[in-house]
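Colleague: I have a model on screen and would like to learn how to read its features. Could you take me through them one by one?

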Amino acid sequence: MSGANERTTRQDRVSETTVSDGLASTLSQDQIARLMRRRGEESRFWWLVPTIYIIVLMLPIYWLVNMSFKTNQEILGAFSLWPKNPTIANYMVIFTDPSWYKGYINSIIYVVMNMVISVSVALPAAYAFSRYRFLGDKHLFFWLLTNRMAPPAVFALPFFQLYSAFGLIDTHIAVALAHCLFNVPLAVWILEGFMSGVPKEIDETAYIDGYSFPRFFLKIFMPLIASGIGVACFFCFMFSWVELLIARTLTTTAAKPIAAIMTRTVSASGLDWGVLAAAGVLTILPGALVIWFVRNYIAKGFALGRV
Amino acid sequence: MEKTWNNKAWFMVLPVLLLVAFSAVIPLMTVVNYSVQDTFGNNVFFWNGSDWYTEILGSDRFWLSMVRNLIFSAIILVIEIPLGIFIALNMPKKGWGVPVCLVLMALPLLIPWNVVGTIWQVFGRIDIGLLGYTLSALGIDYNYVNDPTDAWVTVILMDVWHWTSLVVLLCYAGLVSIPDAYYQAAKIDGASRWAIFRYIQLPKMNRVLLIAVLLRFMDSFMIYTEPFVVTGGGPGNSTTFMSIDLVKIAVGQFDLGPAAAMSIIYFLIVLLLSWVFYTVMTTVDAEG
Amino acid sequence: MNLTWMAWTLPTALFFITILVLLCGMAAWEYASPGGNPRVGILRFETTRGDRLFVSLLGSAFIHLAWLGLVGPNLWWALALSVVYAVGVFRYV
């Protein structure tokens, strides 16, 4: 592992004896020496930490995958670490029954709608926050953030009444709009961070060159913050995809998300563990795909500390 | 960057304002309206004054679920923040290990919350779950369905499993943004591993750590789906947190008035906490 | 559009109109003398008058709740106390 070499050499070079009083003045010489020795020995096994952590993370997921390939008799019967007679019957149930696979389609529809709405309204707002000062800007920004912090449980009840009044219950757009509550502030926050990193001189030069604002924004500015838009889309996707409480409250049948269908099936059909596990595995896949595509941007988005 | 005063910028914020007003202000106004009235359905309401607030503030149930929630959030922070820092410090810095670690660690963050609940509900069962089966095979009396302590352990373990990665990713992002020159300077000074952490890495992670604490506190303070799926708030009421209690009153019993009053109190607490965090964050930012 | 589901009553309507008037007043004040009069008060960080309004309103909400929980249902006294508190906030924070 190339990272390992890099690390150990750095550790070795660090282990020199002179200690400046500026850096470690609070520690005595031999305390430091002891720490160094201990860290030096540990550093050869640093890779154990992420490895163990990832194994711990993967165990419950593995167990779900394992269960999804077993029949119900096998799950409830003998305890085994891997499927003895692997079967894809559980997955076939989901792919052939519309009440199951429609749930995935519904989820994807409202998540994508929400992503498009959130990012497109957040773009101009984030530009305004990053470039201008205006009446009440700081309070407006704080107010937006409080919506990210507000418990969805508080909103579940009035949302139902609100969307009933507009006749929007059980439509995809209702869920997409409701999820804007926490995704729009988030998108504004992330995009503002990325836009502040673009020097203002670029705007000014473009205006001098005779660009109109919309043309400048689309042709010059958007490509500059493309990775920011990617990160914003990723987080909008993530929070809309994982949310259940509001999505479940606002839908009955036609737009019911897969997550809600799972909870219903648990109680109705007498715990069909295999199908439940298969459905669970299938909800993990879209997330895994999305992470894989944005893996190089995630660290950057987090680096701005805008989540 | 020096910003120019331009009140026309309001027009760019307007779409966001309208959208969030529609999905936040109108519902909040409705909640306030409900909280001072009583109803028997059919949109017929009776003035009730501040009775619901008195009832909620005087009920043990509300205070208990709040205390449980605060204890839960405190435990979560005490475990996840140091663990997250520790793992981030030991992440590879370059090579093929980086994307692999990032993708695998981010995976739990993208699992729908009720599936997280389902995973742990299954994983902890003593008959068919790996964790529960192993523990009982080792002779440990573990049953999250009947025993409040075990239920708490399961819920905390689940949250650590679910969210520590967020802390790791935030800290890691803070760490990779430290220029190599800092490490080289430390090397010349012959600084120990601890000194590097204390005087270079920790100050540079200050900001992301604050955000990690803020996010983890807020999200654990409004946690609903995962413990609801695993324990349903039980056994008894031992894992009934504020959101679970609120949904029980609002949807389960359809008591609009008390649910609305509780929502307002809950929201005010969240508002106060986010203001404190936000102020601390921006003040730290301004100081650099 | 039917608004009965929002269950408006006179007192809550008055409450929200008051808040709206306060916000408009603050906007007008800000327009008349921009900058928000930032200063460092007893909380030892910089606040503008918008921050002071927010602190007053949030504090008043908690004063009302505390009054309900600890004293009794007569909220006029809590309101009086809140006004005193708000004046204090605008003067010293």
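Colleague: What radius of gyration does chain C have, and what would a compact globule of 93 residues have?

Modeller: The radius of gyration is taken over C-alpha atoms, and the globule rule is 2.2 Å times the number of residues to the power 0.38. For 93 residues a compact globule would come out near 12 Å, but chain C has 16 Å. Along the principal axes, the C-alpha atoms of chain C fill a box of roughly 45 × 40 × 15 Å. Bear in mind that this is a predicted model, in which local features need pLDDT of at least 70, side-chain atom pairs count only at pLDDT 80 or more, and totals for chains, interfaces and linings use all residues. Residues are numbered from 1 along each chain as its sequence is written, while chains are lettered from A and ligands numbered from 1 in the order in which they are written.

Colleague: How many helices and strands are there in chain C, and in what order do they run?

Modeller: Helices (H or I, at least four residues) and strands (E, at least two) are DSSP runs, numbered from the N terminus. Chain C has three helices and two strands, in the order α-β-β-α-α from the N terminus on.

Colleague: What percentage of the residues of chain C count as buried?

Modeller: A residue is buried if 20 or more other C-beta atoms lie within 10 Å of its own, exposed if 12 or fewer, and partly exposed in between, with C-beta atoms placed from the backbone. In chain C, 17% of the 93 residues count as buried. In chain B, buried residues make up 46% of the 288 residues.

Colleague: Why does Leu28(B) count as buried?

Modeller: Leu28(B) counts as buried because it has 20 C-beta neighbours inside 10 Å. Its place is in helix H1 of chain B. Leu28(B) and Gly129(B) are 101 residues apart in sequence, and their C-alpha atoms are 42 Å apart in space.

Colleague: What does the rest of chain B come to in helices and strands?

Modeller: Chain B has 12 helices and three strands. Its C-alpha atoms fill a box of roughly 75 × 70 × 30 Å along the principal axes.

Colleague: Among contacts between residues at least 6 apart in sequence, what percentage in chain B join residues at least 24 apart?

Modeller: Two residues are in contact if their C-beta atoms, placed from the backbone, lie within 7 Å. Counting contacts between residues at least 6 apart in sequence, 70% of those in chain B join residues at least 24 apart. For chain C, counted between residues at least 6 apart, 47% join residues at least 24 apart.

Colleague: Which features does UniProt place on chain B?

Modeller: UniProt positions are given in the numbering used here, feature names are shortened, and annotations may be inferred rather than shown by experiment. An unreviewed UniProt entry places "domain: ABC transmembrane type-1" at residues 66-277 of chain B. The end C-alpha atoms of residues 66-277 of chain B lie 19 Å apart, and the span is 75% helix and 0% strand. UniProt (unreviewed entry) also lists "transmembrane region" for several spans of chain B, including residues 208-225 and 264-284. Residues 208-225 of chain B are 83% helix and 0% strand, with end C-alpha atoms 26 Å apart. Residues 264-284 of chain B are 100% helix and 0% strand, with end C-alpha atoms 30 Å apart.

Colleague: How many residues of chain B are in contact with chain C, and which element gives the largest share?

Modeller: On this interface, 22 residues of chain B are in contact with 18 residues of chain C. Two or more residues on the chain B side come from each of helix H1 (10-35), strand E3 (45-47), helix H2 (51-58) and helix H12 (256-287) of chain B. The largest share, seven residues, comes from H12(B). For residue classes, Ala, Val, Leu, Ile, Met, Phe, Trp, Tyr, Cys and Pro count as nonpolar, Asp, Glu, Lys and Arg as charged, and the others, Gly among them, as polar. The side of chain B that touches chain C divides into 13 nonpolar, nine polar and no charged residues.

Colleague: How many residues do chain A and chain B give to their contact?

Modeller: Chain A gives 95 residues and chain B gives 92 residues. Helix H15 (residues 273-303) of chain A gives the most to the chain A side, with 14 residues.
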